[in-house]
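Please read them with the structure open beside you.

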Amino acid sequence: MTSKQLIFNLCLCLFILSVNCENKSQLPDPLQAGWDGNAVCEVVEENQELRVLKCTFEPNVGHEEHYHNPHFGYTLSGGKFRIKDNSGTREVNVPTGYSFRNDEITTHEVLNIGKTTAVFLIMEYK
């Protein structure tokens, strides 16, 4: 590989990284995101390795489009949600006691379309 090719590849990598960081920063994180100007998540614990959020969704309350860093979630109280993400829009019943995880940065928007208040714990790795 010539030095010109190396410099080109390096510049291309830096450009791709900057675009990815820029897209992420345009959306709020789960704590910053809310619904109709109201917060839906609160910090339960935060340290150097982990941030734990408790997110509460009354009926007809959602979470505006936001991003998640890698995280683990647990459903304290389930409900029915409309979820919009990169794969489309779908309705899901999330049962109490359900756990989930994602090892990549993800984005989505949700709306509680059920008749009960749903509560989640979200544990984000730092």
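1. Aspartate 85 is partly exposed, at a relative accessible area of 23%, where partly exposed lies between buried (under 20% relative accessible area) and exposed (over 50%), computed with a 1.4 Å probe on protein chains only. Its partner in a salt bridge is arginine 90, with the closest N and O atoms 3.0 Å apart, and arginine 90 is likewise partly exposed, with a relative accessible area of 35%.

2. This is a predicted model, in which local features need pLDDT of at least 70 and side-chain atom pairs count only at pLDDT 80 or more, while totals for chains, interfaces and linings use all residues. Residues are numbered from 1 along each chain as its sequence is written, and side-chain values use heavy atoms, with hydrogens and water left out.

3. A salt bridge here means a side-chain nitrogen of Lys or Arg within 4 Å of a carboxyl oxygen of Asp or Glu, and by this rule the count is seven.

4. Lysine 126 and glutamate 46 form one of these salt bridges, their closest N and O atoms being 2.7 Å apart. Because lysine 126 lies in the segment after β11 (118–125) and glutamate 46 in strand β3 (residues 41–46), the pair ties together parts that are 80 residues apart in sequence; strands are DSSP runs of E, at least two residues, numbered from the N terminus. Lysine 126 is exposed at 55% relative accessible area, whereas glutamate 46 is partly exposed at 43%.

5. Aspartate 103 pairs with arginine 101 in a salt bridge whose closest N and O atoms are 2.7 Å apart. Aspartate 103 is exposed, at 52%, and arginine 101 is exposed too, at 53%.

6. Salt bridges also link Asp29, Arg51 and Glu124 in a network.

Note on methods
Helices (H or I, at least four residues) and strands (E, at least two) are DSSP runs, numbered from the N terminus.
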